[in-house]
Amino acid sequence: MIRHIVFFSARDEADVERIAEGLGMLADIPHSDFFEVGINRKVDQIGTEVDVIVYAEFRDEAALAAYKADPIYQACTARVRPLREMRIAADFVSRKSD
């Protein structure tokens, strides 16, 4: 399983909810086994740069690639990119033994 985590910051704090709503479009893409969007509560004492988080799980790299190739993904990018400042993505396979 591949875990896909993406962190976003808003150019304008007033757009955080609009970014989260736009990213919610990605839930309609059928290739993930789990998908959620969250707004950072910003309770960490050191880092509060992140506003919105996408977390998804995919069975394999092919499913992740299909997700990113979906037209909804492209529409979401067009909607969210103008509102965001930063985007950091990480895809990983758990090192924990199942």
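Five salt bridges were counted in the predicted model. The criterion applied to each pair was a side-chain nitrogen of Lys or Arg within 4 Å of a carboxyl oxygen of Asp or Glu. Among them are pairs formed by Glu-13 with Lys-42, by Asp-51 with Lys-42 and by Asp-15 with Arg-18.

The side chains of Glu-13 and Lys-42 are joined by a salt bridge with an N to O distance of 3.9 Å. Glu-13 is located in the loop between β1 (2–10) and α1 (16–23), whereas Lys-42 belongs to the loop between β2 (34–39) and β3 (52–58); the pair therefore ties together parts that are 29 residues apart in sequence. With a relative accessibility of 54%, Glu-13 is classed as exposed, while Lys-42, at a relative accessible area of 31%, is partly exposed.

Lys-42 also takes part in a salt bridge with Asp-51, for which the N to O distance is 2.5 Å. Asp-51 has a relative accessibility of 4% and is counted as buried, the cut-off for this class being under 20% relative accessible area. Through shared partners, the salt bridges connect Glu-13, Lys-42 and Asp-51 in one network.

Asp-15 is buried, its relative accessible area being 13%, whereas Arg-18 is partly exposed at 48%.

Conventions:
Residues numbered from 1 in each chain as written. Predicted model: local features only at pLDDT ≥ 70, side-chain atom pairs only at ≥ 80, totals over all residues. Heavy atoms only, no water. Helix = DSSP H or I, 4+ residues; strand = E, 2+ residues; numbered from the N terminus. Buried < 20%, exposed > 50% of the residue type's maximum accessible area, 1.4 Å probe, protein only.
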